[in-house]
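Hello,

Here is the structure I promised to pass on. Please open it first, then read the notes below.

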Amino acid sequence: MNLIDYACRDDVATLTLNDPKTLNALSADMVEQLMAALDRAEREARAVILTGSGRGFCSGANLSGGDVDPAAEGYDAGLLLETHYNPLILRMRDLKLPIVAAVNGVAAGIGFSMALVSDHVIAAESAYFYQAFRHIGLVPDGGSAYLLVRAIGRLRAAKMMMAGERVSSADALAAGLVNSVSAGDALLSDAFAFATGLATGPTVALHLIKRLSWESDGLDFDQALRLERQFQFEAGRTADHREGVAAFLAKRTPSFTGS
């Protein structure tokens, strides 16, 4: 079954989770197809949009697809984290392309984590975010506790996870969990417009900026300065840097090629 729709236009790869009957609940099969789609996007595109089909972005882990059976002998609720979900989150973090999450409906559980690990999050007005784990007697996964605490602070993150409350797109925007909220049916067009801007940018520099945003967390100031110096050397050896300087001096818009 095709659980991921893939399309590429204007150097933007759009990856659509495609199991609308479950609100795109994440299964092992869907993870494997999504990982393959990310690999393909890295070869063919310069930016990625991640969204869901139908009324949901991703409703969390698929509890009805056979991957989860608490009554089974030797059941390990963390096994899929080790084999599938955590590798997916790390692949998204390490992708050489910026990821724009276009959250079109519920983003619950691991779906919430997929939004949090993206580089830019746009939500529909009707979207909402949901740390549902307490309702099934589990702890947050997919790195969501780590990401939430760093995004909104420990107390607000703890309340969101412990209370298991739904957070509207408006409240998520106010909390700093999303970058913008799209009105009406504008979500995908807004996401595409932003992703196109990224896709026409200096690909290597944007990847290094993405790495800086992750790797600077936890460093002391001296270490952060050294990391910037290392990445500046790498960015400075690209054709896009030479083009950017030439365009600045000629007072024209740069034409980046991604090299």
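**Helix pairs**

Helix 4 and helix 5 are oblique to each other. Their axes cross at roughly 135° and come within 7 Å. An angle over 145° would have counted as roughly antiparallel, so this pair is classed as oblique. The crossing is right-handed. To find the two helices, look at residues 144-152 for helix 4 and residues 154-163 for helix 5.

Please keep in mind that this is a predicted model.

Now the other pair. Helix 1 covers residues 28-44, and helix 2 covers 79-94. The axes of helix 1 and helix 2 cross at roughly 25° and come within 10 Å. Angles under 35° count as roughly parallel, so helix 1 and helix 2 are roughly parallel to each other. Helix 1 passes helix 2 in a left-handed crossing.

**Two buried residues**

Ile89 sits in helix 2. Its relative accessibility is 8%, so Ile89 counts as buried. Ile89 and Ala246 are 157 residues apart along the chain, and their C-alpha atoms are separated by 38 Å.

Asp19 is in the loop between strand 2 (12-17) and helix 1. Is Asp19 buried or exposed? With a relative accessible area of 7%, Asp19 is buried. From Asp19 to Ile152 there are 31 Å in space, C-alpha to C-alpha, and 133 residues in sequence.

**Positive phi**

Most residues other than glycine have a negative phi. Asp11 lies in the loop between strand 1 (4-9) and strand 2. Asp11 is partly exposed, at 34% relative accessible area.

Lys251 is another residue other than glycine with a positive phi, near 55°. Look for Lys251 in the segment after helix 10 (239-250). Lys251 has a relative accessible area of 77%, so it is exposed.

**A nonpolar patch**

Which residues make the nonpolar surface patch of about 270 Å²? They are Leu63, Ile136 and Leu138. Leu63 is found in the loop between strand 4 (56-58) and helix 2. The relative accessible area of Leu63 is 47%, so Leu63 is partly exposed.

Best wishes

Conventions: Residues numbered from 1 in each chain as written. Predicted model: local features only at pLDDT ≥ 70, side-chain atom pairs only at ≥ 80, totals over all residues. Heavy atoms only, no water. Patch = residues over 30% accessible without salt bridge, like charges linked within 9 Å, V, L, I, M, F, W, Y side chains within 5 Å. Areas by Shrake-Rupley, 256 points an atom, 1.4 Å probe, with all protein chains shown as cover. Salt bridge = Lys/Arg side-chain N within 4 Å of Asp/Glu carboxyl O. Helix = DSSP H or I, 4+ residues; strand = E, 2+ residues; numbered from the N terminus. Buried < 20%, exposed > 50% of the residue type's maximum accessible area, 1.4 Å probe, protein only. Axes fitted to C-alpha atoms, helices over the stretch in contact; angles between N-to-C directions. Parallel < 35°, antiparallel > 145°, perpendicular 65-115°, else oblique. Left-handed = near helix turned anticlockwise from the far one by under 90°.
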